[in-house]
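This report is meant for a reader meeting the structure for the first time. Please view the sequence and the model together before reading on.

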Amino acid sequence: MTASVVVTGAAVLLPGADSLPALLTGPAAGGEPPAPAGLVGKKGLRYKDRATQLGYCLAVAALRDAGLVEGEKPTGTTVPAESVGVVASSNYGNLDTVARALDTIREETVTGTSPMDLPNASSNVIASSIAIRYQLRGPNLMVCNGATSGLDAVRWAATMIRAGRVSRVLVLGVEPDNEVVRRLLDGRRAVDGGAAVVLEAAEAAAERGVAPRAVLGRQTRAGDTAAVLERLSGDEARWLGPEAGPGGDAPAALPVEAGAALPEHSGRASGALGVLQLATAVGWFDEGAVGRVVALAGTAGDDASAGLELIAPGAP
Amino acid sequence: MLSRPITGMGAVASVGRGVAELFDGLCARRTGHAELRGFDRSRFRARHAYEVDDRGPEGVDVPARATGLLLDAVAQAAADAGLGDDLSGIPILVGTGLRELRSAELWWRDGAELDDAGLHFGTALRERFGADDTHTFSNACSASLYALALASDLLEQDDTDTVIVAGVDVLTESMYGLLERVHPAPPDRVRPFDAHRTGVLMGEGAAAVVLHRDAEAAGERAVRARLRGVAVNCDAYHVTAPDPDGIATAIRSAHRLAGVKPADVDLVMLHGTGTLLNDEAEATAMAEVLGEDGDRPLMTAVKSMTGHTSGGSGLLNLVMGVRAMEEGRVPPTLGLEQPVEEAAGFRFVTGEPAQAPVRVAQLNAFGFGGINAVAIVEAAR
């Protein structure tokens, strides 16, 4: 068995929820959209797309929760910069920039576009901008993998840690809500926020004297949910189910009773879902839950299903 | 020390389709440079790109072309390795700069259909190959070598012993436009490392390889080359400008992971985009790491003929580098007449292809946000 990977920090930011306890209660309907300038200051937000601004808020909150940054407005970490990687998950992240730049090209020709949009035209702008702002020089990865994207991001962060490539990784899932996204979702809204966690080699966390908040268990991706359930079978678990499809169609019934990470009114979580599920599990363990939590993403309408098993810290 | 057999390869770009045809084309100095095919040219100052000519009528674009190129490259690689058409259970890791954002553009402005599963490649890979462990990484221009690093890490620990790694990109109007917007004068062609280059133009293409954990996992398959190491990092410096220090760190890490010294490297397939700042940054980093061996390895930049194939370019470099090992010849860099000062001491291949034995090749790929990836491969023999 390769090195154990643990969660050492978590953060949530959604309309109506800005903490793990608030996520567990369920964000209230009609919550105000998060205001990044109020959370991380105005400096550096200009020219950044909504997803990146939300990402900054989530990143610093999770890094702070993990004890990796100090002070009001950190610009670096308490550990070597190259020991911290970033894996971000988002499907809709830069659609707004792409649509706006295209509109300008079609309507005014290329000379009407702003050079400041160039970085935002690349989908990895969320992950790389966070690395620049908080000086994280480890591997930097953007996962845009559909319904399972958030759980996949967790898997790749854990894979790099287990392979010894990096000691800790900030994993975040974020989806902005805007006109372009709503058109893609037939008028439904997206979450306009997300969650972030810090994954760390158990040994690296112990070296820093930081207690694990959850332990990563098995993880898999397969053609259908039944295969995922089969591979993650074991002791009794608390289950977190996939979300409804983009058109609002409910996922097929599971053979287990699964809760939802978010209420329907929060909108589509998409690439943020897996990380929100992980944050939910951490919230439960913080409250003293024991045993295991299994999170599922992707339904019959998606290209595959993914599952992640989380184990309460201190469990045998 | 890491040594992962590569037993299948596939590639397609503007210069040709199939690994052998594409490589021969590059050695014959064939370029994919042509007038823009799929966009309304009146909207842009630049007029050229390196597109794969697979559309219908000129000036009319169609959705899902990136998906088409990807499926082609993956099918070639799988056939080369004798994996068959059913790839269920085999992880497929796809590195891309722009995923299916061109389809999103055609949806936003031109009435094409799109749902949110159409932005990444998993659905098409499932339909075509039954693949169910598929991953789309949108990691700018180092995406496919980042995917290679993740594949290698996955083989380290998983019960999986075979992984397919791919890279793909096609032009998007937004990226093509914004890229030319930042140039003082519209770029006319890609001339990597030349002092008088005008900048970067995009190209299209895809590449794929079949990678195994070790010799045992490769079984009876013919081994085409061995992956010895891939390093990835992030400059954490600037959203578009590169940092020579971050690049140098990535190159050193790759050498360390692969257990090679600068003097062991026979060939460097440079990132070499022809972008105004990037070539100098790459040359500075290369010169610093290679030190007194800076004039030893052959160096070439195939983007001079394929254009900048974005997220697919790193793996395209790898596949062409492996072919160079197999053939003992190295395609030249077109349009390189007077190298920039930082690259003055390098042994560039220009003019005719070089004939030379290549045992160890280094592949470079660097992307927006300062995300760097460097791989080392070794000849099979």
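## Contact between the chains

In this predicted model, 63 residues of chain B are in contact with 66 residues of chain A, where contact means heavy atoms within 4.5 Å. The size of an interface is often given as the accessible area lost when the parts come together. Between chain B and chain A, the buried area is about 5,700 Å², and carbon and sulfur atoms give 59% of it; this is the accessible area (1.4 Å probe) that two parts lose on being put together, summed over both.

The count of salt bridges between chain B and chain A is 7, a salt bridge being a side-chain nitrogen of Lys or Arg within 4 Å of a carboxyl oxygen of Asp or Glu. B:Asp153 forms a salt bridge with A:Arg165, and their closest N and O atoms are 2.6 Å apart.

## Domains of chain A

Chain A is divided into domain 1 (5-207) and domain 2 (214-311), with bounds that come from an automatic or database domain assignment. Each side of the contact is formed by 44 residues, from domain 1 of chain A and from domain 2 of chain A. The C-alpha centres of these two domains lie 20 Å apart.

Domain 1 and domain 2 of chain A bury about 3,200 Å² between them, with 65% given by carbon and sulfur atoms. Across this interface the rule finds 2 salt bridges. A:Arg221 forms a salt bridge with A:Asp152, with 3.5 Å between the closest N and O atoms.

## Strand E9 of chain A

Strand E9 (residues 292-297) of chain A is largely enclosed by the rest of the structure, because 6 of its 6 residues are buried. Buried means under 20% relative accessible area, exposed over 50%, and partly exposed in between (1.4 Å probe, protein chains only). Strands are DSSP runs (E, at least two residues), numbered from the N terminus. A:Arg292, A:Val294 and A:Leu296 point one way from E9(A), while A:Val293, A:Ala295 and A:Ala297 point the other way.

Two strands pair if DSSP finds at least two bridges between them. E9(A) pairs with strand E7 (residues 237-240) of chain A in the parallel sense over 4 bridges, and A:Val294 is the bridge partner of A:Trp239. With strand E10 (residues 305-311) of chain A, E9(A) pairs in the antiparallel sense over 6 bridges; here A:Leu310 is the bridge partner of A:Val293.

## Basis of the values

Residues are numbered from 1 along each chain as its sequence is written, and chains are lettered from A and ligands numbered from 1 in the order in which they are written. Local features need pLDDT of at least 70, side-chain atom pairs count only at pLDDT 80 or more, and totals for chains, interfaces and linings use all residues, while side-chain values use heavy atoms, with hydrogens and water left out.
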